[in-house]
Each structure stands twice: as structure tokens, then as C-alpha cells.
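Good morning. Please have a look at it first.

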Amino acid sequence: MSKTERRLIHVAAAVILDGDQRILLARRPDDKHQGGLWEFPGGKVEAGEPVRDALDRELFEELGIRVRSARPLIQIPHHYADKSVLLDVFVVDRFDGQAHGREGQPVRWVSAQQLSDYSFPAANRPIVAAAQLPARMLITGTATDAADYLARTERALACGLRWVMLRAPELAEADFCELYRQLLPLCDAAGATLGVNCDLALANRLGAQALHLNRHRLAQLGTRDAFKGEWLSASCHDAAELARAAELQLDFVTLSPVAHTDSHPDTRPLGWQGFADLCGEATLPVYALGGMGDKDLDAAWARGAQGVAAISEWWGC
Ligand SMILES: Nc1nc2c([nH]c(=O)n2[C@@H]2O[C@H](COP(=O)(O)OP(=O)(O)OP(=O)(O)O)[C@@H](O)[C@H]2O)c(=O)[nH]1
Ligand SMILES: [Mg+2]
């Protein structure tokens with residue numbers, strides 16, 4: 001039987017957050033599968049058991065906590081040499097009790113940034129990205145001049161946006177660079193990430209931390225190491241582009257258009273069902289894009305999305 005034909009062992013796991021947005025990690029016992037590595041607490045779903053019940057049961061058994069609120073974060077099928085798992089990961093942001101290692105396993109609360117310092121099983125790469133990425137992503141729209149770009153970005157930061165993707169195809173390169181340099185301290189001060197949507201060489205020259213590729217740049221990219229920054233993502237529209245993004249080990253994608261948008265009036269929307277079908281096959285965090293806003297977050301999460309990305313929703317807020 002080939003690895004991909006093997007039965008997937010369904011596992012419920014949790015990114016558990018405390019009031020300071022720290023995340024709970026546990027260390028797997030040395031004698032277990034992937035022993036000695038750090039994990040998001042959880043365990044196997046029993047036959048006939050609803051996955052949410054399995055999550056509650058496992059977190060009580062392993063940590064002594066009672067889940068009060070949870071939402072889906074990401075689902076990752078992964079084929080190890082010896083077994084195949086479907087990691088069904090939730091965010092748990094409210095719980096009762098003091099989390100402690102009831103099975104003797106070491107546990108540790110860490111910041112989202114610190115996750116990068118820990119060793120996890122190979123399947124966890126996209127889960128770590130999902131735990132570090134926000135639920136809402138702003139893509140900049142048009143503005144009258146640099147001052148208008150800055151003012152609009154400041155308002156979005158004040159609305160709680162923590163990821164800004166600078167997209168300004170109308171600007172000459174020198175103006176784009178100047179704008180990037182002016183936006184950077186604003187975003188830094190708010191604890192937000194500033195990414196760019198531009199060509200690879202320019203992103204590297206700017207020393208950008210995050211680069212978002214359009215579909216043409218995704219098709220041209222040879223290897224993700226060509227980008228010198230930390231976060232590399234792409235705009236996807238179909239299964240082939242999603243597969244390419246996964247093959248290149250990108251950190252996340254946007255998938256669009258979910259709904260009708262004025263910016264792409266002639267493109268047929270995917271609709272929520274089309275989005276869910278594609279997202280279900282993806283092995284990296286996926287943002288719903290196209291006519292999206294705060295009101296769509298729950299619907300996006302229910303279809304397997306990381307969250308929503310938008311221009312109009314927050315570019316005038
Ligand atoms: N809980 C958890 N399991 C993970 C993670 N990443 C990952 O690959 N796995 C794999 O998913 C499977 C989950 O198993 P588990 O050992 O937690 O299961 P369990 O709590 O029911 O334990 P048990 O088998 O001793 O009863 C293991 O093969 C494990 O290696 C993760 O972040 N958290
Ligand atoms: Mg377990």
C-alpha cells in the first residue's frame with residue numbers, strides 16, 4: 001500500500017492561548033511516535049467520536065483543562081514513513097483549570113514568535129505558521145498620495161490589523177521604496193508585519209520581511225530560498241496554483257475570489273463551496289479573499305480558512 005493510500009489516523013490537537021496570547025506546548029515522551037519533539041497537545045479521535053469531543057477529552061486527560069471556547073484553525077494530512085495522520089487543529093482561547101502535564105510530560109507557555117525556536121514533528125510546519133499568522137490581513141488599495149497611504153494604514157492599524165501587505169502597482173519603483181520605508185516604522189510601532197507585493201529582486205533589495213507573489217511570480221519562482229525574508233506567500237485561484245505553493249513550501253496563500261468584487265467584475269467567484277473544496281485539499285494556511293470582511297470571519301473559519309484578507313474592508317475604516 002502506498003503512503004497516500006494508507007488510512008489517515010484522525011488526531012485532534014490545539015493551539016491553546018492564555019490571556020497574554022502565549023501558546024502552550026508539550027514535549028512528547030521519548031518512547032512515543034515523534035518522541036522528544038514538542039507538540040500541540042491533543043490525541044487520537046476514537047471511532048465514532050466527534051472531533052470536538054475528542055479535543056475536549058484529550059485536553060482534559062493530558063492537561064486537566066476544560067475547554068470553554070474553540071474554533072477550527074487548520075487541517076493537515078501528513079504521511080510519515082511509518083504512519084499517516086490527519087491533524088485537525090483548533091484554537092482554544094478560553095478554558096477552565098490550570099494546564100499541567102498530567103502524564104508527566106513537560107509543558108511550556110511560549111510567545112508566537114518563540115515557536116520558531118522549538119523542534120516539532122515535520123507535519124507541524126504549517127501549524128506553526130498558522131499559529132503565528134493573524135486572522136485578518138490588509139492588502140493596501142489605492143491612495144491619492146504618500147500621506148494618504150500613511151493615514152489609511154494608520155487607521156487600519158488602529159482598527160487592530162496586524163499584517164499589512166503593501167500593494168501599489170501604480171507606483172514607480174522609487175516611490176514604492178520610499179513608501180515602504182515610511183510605512184515600516186508605523187507598522188513596527190503597532191507590532192504589525194509589513195509585507196510587499198512586488199517582484200522578488202525588489203523585495204530582497206528592500207530587505208522585506210514578507211513577500212506576496214501574484215500568480216505570474218508564483219509560476220516563475222524556482223525555489224523559496226530565492227527570497228531572503230521570512231514569510232513567502234502567494235495569490236492562488238485554483239488547485240494547480242495551490243499545489244505549486246505547497247510544493248515550494250510557501251508559508252500561506254490567499255485564495256480568490258470567494259465573492260464578487262468590483263476590482264475583478266468579470267471573474268466568476270468560487271463561492272463558499274468552491275472555496276471549501278479547494279481549501280480542504282490545501283496543506284498550508286489559506287486566506288479567503290474577494291469581497292471579504294470582518295462579517296465573513298466565522299464563515300471562513302468554518303470552511304477551513306486561516307481568516308480573511310481584504311482591501312476595501314479596512315482601507316477606509
Ligand atoms: N498531539 C499531537 N500529535 C501530533 C502533533 N504533530 C504530529 O505529527 N502528531 C502525531 O499525531 C499522532 C497523535 O498521537 P498522540 O500520541 O498525541 O495520541 P494520543 O494522545 O491519543 O496518545 P496514545 O496513542 O498514547 O493514546 C502521533 O502520531 C503524533 O506523532 C502535534 O502537534 N500534536
Ligand atoms: Mg497526545
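**Around the ligand**

Leaving out neighbours within four places in sequence, Asn124 is in contact with Glu39, Phe40 and Leu87, where contact means heavy atoms within 4.5 Å. Before I go on, this is a predicted model, in which local features need pLDDT of at least 70, side-chain atom pairs count only at pLDDT 80 or more, and totals for chains, interfaces and linings use all residues. Residues are numbered from 1 along each chain as its sequence is written, chains are lettered from A and ligands numbered from 1 in the order in which they are written, and side-chain values use heavy atoms, with hydrogens and water left out.

Back to Asn124. This residue sits in the loop between strand S7 (107-110) and helix H2 (125-132). Helices (H or I, at least four residues) and strands (E, at least two) are DSSP runs, numbered from the N terminus. Is Asn124 buried or exposed? Asn124 counts as buried because its relative accessibility is 6%; buried means under 20% relative accessible area, exposed over 50%, and partly exposed in between, with a 1.4 Å probe and protein chains only.

Setting aside residues up to four places away in sequence, Glu39 touches Leu24, Leu25, Ala26, Arg28, Glu62, Phe120 and Asn124.

An unreviewed UniProt entry gives the feature "binding site" at Arg28, His33, Glu39, Phe40, Pro41, Gly42 and Asn124. These positions spread over 97 residues of sequence but cluster in space, with a largest C-alpha distance of 14.0 Å. UniProt positions are in the numbering used here, feature names are shortened, and annotations may be inferred rather than shown by experiment.

Now the ligand. Which residues come nearest to ligand 1? Of the 19 residues around it, they are Lys32, His33, Phe40, Lys44 and Tyr80; a residue is near a molecule or strand if one of its heavy atoms lies within 4 Å of it. By class, the shell has seven nonpolar, five polar and seven charged residues. Here Ala, Val, Leu, Ile, Met, Phe, Trp, Tyr, Cys and Pro count as nonpolar, Asp, Glu, Lys and Arg as charged, and the others, Gly among them, as polar. Strand S4 (42-44), helix H1 (51-63) and strand S6 (84-96) each supply at least two residues of this shell, and the largest share, three residues, comes from S4.

Last, the backbone. Most residues other than glycine have a negative phi, and most peptide bonds are trans. Gln34, in the loop between S2 and S3, has a positive phi of about 60°. The peptide bond from Ser256 to Pro257 is cis, with omega near -10°.
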